[in-house]
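Q: Please examine one part of the structure shown here closely, and set it in its surroundings.
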Amino acid sequence: MRSTPDGELARALEELRKSGVAVIEGVLSTREARDARAALVAAARESERRGAATFMPELDPNDANVRVFNLLDLHAIFRDVIVHPVALALVRGLLGEHFAISNFTANIARPGSRSMSIHSDQALVAPEPWLAPWSMNVIWCLDDVTAENGGTLYLPGSQRFTQRAALPSDPLAQMRPFTAPCGSIVAMDGRVWHTSGANVTRDAERALLFGYYSVDFLRPQTNFNVNLSDATKAQLSPELFTLLGLGPSGNTRVAGEVLGERPRPPEARA
Amino acid sequence: MNAKRKLGFGALADAEAPGAAARAACGELASLPLPAPVRDVAAALRDLRELGVCVIADALAPVPLARARDAMYRAAEDDRTRGRAQHGFALDVDERNRRVWNLLNRDPIFCDLAEHPLAIELVRATLGWPALLSNISGNITGPGAAAGVLHADQIFVPEPWCAAPQGMNVAWCIDDFTRENGATEVVVGSHRWSRLPTEADAHVRTVPAEAPAGSAIAFESRIWHRTGANTTRDRTRAAVFPFYTTPIYRTQENWFLSLSPGVVNAASDTLLTLLAYKSEGFGLVYGRSPR
């Protein structure tokens, strides 16, 4: 995975603050993107074998949108991607030092998949007013993302909406799709109103990975304590162990001590 | 305040200066009088809404009270003899108070307190359901202990705060709470100021939440409070402090790390909900709730 020059990061952060979304191209090489895509297809199969449906009727109008959860437990490649230095630099730039990994999921839009309902990730959980970013997505493009194959539709500048009443009456009319070549990452402020695009192509699939990060006082969307197997936990770096909320540190960093013990770093347990 | 500084919400620096308007509107900061003890939930909820604090008399019957008291002092003694940390909590200023952590592992009576029907009724009405148990700890004040640091429990929520409380405490008096033995000092009505106290507020007038053992003292998370000074020569004052939040916040204690498996296996559905073992949507584990 290539490193990204500081100037490019600074430009992306500026764009992220201005429009709520920023694209950095070429973070994954063609080959890395192909490997990640193959891992995703295998992960989808394995996840179904373990009992998880890839169709979520509460999220998507039909089963052409394939959802894969718990990527971190399904393939080692995703454990590298979630802490990719470019992704974490964007997260630190927007959310600050105290953040957690909230979720890591994938969405493969197959031809015929349709939009979910318009939402902002932050508005789904946090009470108004929304005055600061409390979460963000770092989206990994494993295919070229186009307006036709389900590029995420977003409302530019909507990260400045502090309450629901600020939404225009027909937000969809003002939304535009982000487009990015395979191997790009797209950062999106958690306050940005968006929806998945419809895939109106005949035969082009569009696979995206959604690394979702939040300020560390928010409960992560998924509970990694129970979602990750012991074998996976044993392989985590100390950094990832902490970012996944597996240690004793709670949201205030003043309570939550584990009785008579210091947190056990993963290497001490392996 | 130390705890606040530790939070370091760097990313929020460009939000408005928090609480300035609220501070100007407060004028002379002082507590309203402590509400009289009540015996029914409707009255408790009225006090909670209007004053941010309520006192419920005889909330705990003598038998469970005695059991909780035995269990609390036994746990504190176990910690002492086994060399486990009892001091050094960020909101204490000296080493005379003893904090007892991981109460749910110590005795089932503390699970009963966490999901006591009265507490759940207050939590449901104030925070909605599901709610989470963020933390449950014991605090035994010791003779000579100074007052703690004035704070509000939703210390982790960046200011300016939204219009509703994000958490609440339902404290159980295991010993009598008196002005002399370290009764929790509260600033009744401070929830309306909707901000954290600053160092400049350290001398705000508080009232001791005096109440007999077996009472419950509930206060929502915007209420300013601190551990009272224990000016007695030989009295301790034990209490259990379960802190609940709306389900969007990360719990202060990582239950999945710290709870004994036996406690989880024996837990009721209500307790499992409070401990975040019941999940849906994104929280499912390969399509199923963990419990």
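Which residue takes a positive phi just after helix 1 of chain A?

A: That residue is A:Gly20, with a phi of about 90°. This is a predicted model, in which local features need pLDDT of at least 70, side-chain atom pairs count only at pLDDT 80 or more, and totals for chains, interfaces and linings use all residues. Residues are numbered from 1 along each chain as its sequence is written, while chains are lettered from A and ligands numbered from 1 in the order in which they are written.

An open, antiparallel sheet of six strands in chain A has the order 1-7-4-9-3-2 (strands pair if DSSP finds at least two bridges between them). Strand 1 (21–24) and strand 2 (65–68) each have a single partner strand, so one side of each lacks a neighbour in the sheet. Helix 1 packs on this sheet, touching strand 1 and strand 7 (185–189), and its direction makes about 155° with that of strand 1 (angles run from 0 to 180 degrees between N-to-C directions of lines fitted to C-alpha atoms, for helices over the stretch in contact). Beyond four places in sequence, A:Ala187 is in contact with residues including A:Ala12, A:Leu16 and A:Val21 (contact requires C-beta atoms, placed from the backbone, within 7 Å).

How values were computed
Two residues are in contact if their C-beta atoms, placed from the backbone, lie within 7 Å. Helices (H or I, at least four residues) and strands (E, at least two) are DSSP runs, numbered from the N terminus.
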